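Keep the structure open beside you as you go.

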Amino acid sequence: MSEPFNARVLYRAVLLAAGLLVLGLLFRQLATLLIAVLMTVLISIPLTGAANRLERYRVPRAIGAAAGLLAGIAVIALLFWALIPSFVDQTNDFIDEVPGIVDDLTASVADITGSEPEVVGHDVQDFLEGYADDPDRFLGPLTSIGFNIAAALGAIVFMVITAMYIAIRPWPLVDGILSLVPPARREHGREIMGRLRASWVGWMQGVVADMVISGVLLYLGLTIIGLEFAIFFAVLTALLVVIPYFGAIVGALPPTLFALTDSPEQALLVLAIYVGVQQVEGNLLIPLIMSNRVRLHPALIAIGVLVVGQLFGFVGLFVAVPIISMAVILSEELWVKPTEERHGLRPASPLEPVSPEAAAAEREPRPVTDPAQTERGRGLPVE
């Protein structure tokens, strides 16, 4: 009797392992597609908002969505118009100073490694000559990068066009998604979609505020210490703050290395400015702006970014917070709340900060009455 049982258990274990393996392979193949779908939905949200707002004034939704898209493009163009002249001037100055920067970097590397500057220079020269003698070593990666950039631009255009169609007629998609939910739970499904939309809108508002504040602070700080190309480094880091906590760290590397060509003291000043701005971002901007808008704990955001990076790669980091908020909302609505309802406990949402007194009161056991006499089955007596 035990042998058939063991064979049956082994058979199920093998099937489970095979299923998990296939699921893992499919997930790796579909990860990029899932990110593209999420980014398309995120782009469609402000376009839908513009179409809804203009529709109140009897403007057709197609025109309203197009107006929202043009307004977004105009804002981006205005930013480029304001930044490009300074950026071009600084780029020309940078090109003129490249020989001196190379010499300074060579001397700095020599000081760090203990080698003679001439030895470091010869090593760099040999490395570059290796690419010059074998152009395929350089042209291969360069061609790959060019194709990747072209594919990324094409994907962005496709996502924007798809987002336009979503903004013009969102209801068929919403109804199609709700049709997958049992009829008795469709109103609940609509509430979940509303929570997701509110969370993602809050994230976009928080990102814009974070970019502006971080960029201005970095520009002022780098200008005060006299670092060249301050506006370039500030804009670069402002774009990277879309990755919470870690974007500012990555953005600090180029200006710190560049300042090292001047002096170690200059590099330390640059690093101190970036650490100061990162502290402002981590202790003020993210808790007060991002966390309150998205209603996620800062520690959950930091850990979630690492998890999303492992699952979805580098591109996933740019939409890490929407992915984290979606995972938390779905787990709360589909598992936490039903579990607490079955035990007669009032749900305590991890997305909504509560006071210590309320948290302590929440942990106290509550008397459970007849479920028919409770409000929404959550253990709250109906008066």
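**Exercise 1.** At what angle do helix H8 and helix H9 pack, and how far apart are their axes?

*Solution.* Two notes before we start. This is a predicted model, in which local features need pLDDT of at least 70, side-chain atom pairs count only at pLDDT 80 or more, and totals for chains, interfaces and linings use all residues. Residues are numbered from 1 along each chain as its sequence is written, and side-chain values use heavy atoms, leaving out hydrogens and water.

Step 1: find H8 at residues 230-240 and H9 at residues 246-260; helices are DSSP runs (H or I, at least four residues) numbered from the N terminus.

Step 2: read the geometry. The angle is about 160° and the axes are 7 Å apart; axes are lines fitted to C-alpha atoms over the stretch in contact, and angles run from 0 to 180 degrees between N-to-C directions.

Step 3: classify the pair. That angle makes H8 roughly antiparallel to H9 (the term covers angles over 145 degrees).

Step 4: list the contact (heavy atoms within 4.5 Å). H8 contributes Phe-233, Leu-236, Thr-237 and Leu-240, while the H9 residues include Gly-247, Pro-254 and Phe-258. By class, there are eight nonpolar, three polar and no charged residues (Ala, Val, Leu, Ile, Met, Phe, Trp, Tyr, Cys and Pro count as nonpolar, Asp, Glu, Lys and Arg as charged, and the others, Gly among them, as polar).

**Exercise 2.** Describe how helix H7 packs against H8.

*Solution.* Step 1: locate H7 at residues 186-224; its axis comes within 8 Å of that of H8, and the two cross at roughly 155°.

Step 1: H7 and H8 are therefore roughly antiparallel to each other.

Step 2: The tally is 10 nonpolar, three polar and no charged residues.

**Exercise 3.** Which classes of residue make up the contact of H7 with H12?

*Solution.* Step 1: the axes of H7 and H12 come within 10 Å and cross at roughly 150°, so this pair is roughly antiparallel.

Step 1: Arg-195 and Trp-203 are among the H7 residues that meet H12, where Glu-332, Glu-333 and Lys-337 are included.

Step 2: the contact divides into 10 nonpolar, three polar and four charged residues.

**Exercise 4.** Where does H12 bend?

*Solution.* Step 1: H12 bends by about 40° at Glu-332 (the angle between axes fitted to the seven residues ending there and the seven starting there).

Step 1: past the helix comes Gly-344, with a positive phi near 75°.

Conventions:
Angles under 35 degrees count as roughly parallel, over 145 as roughly antiparallel, 65 to 115 as roughly perpendicular and the rest as oblique.
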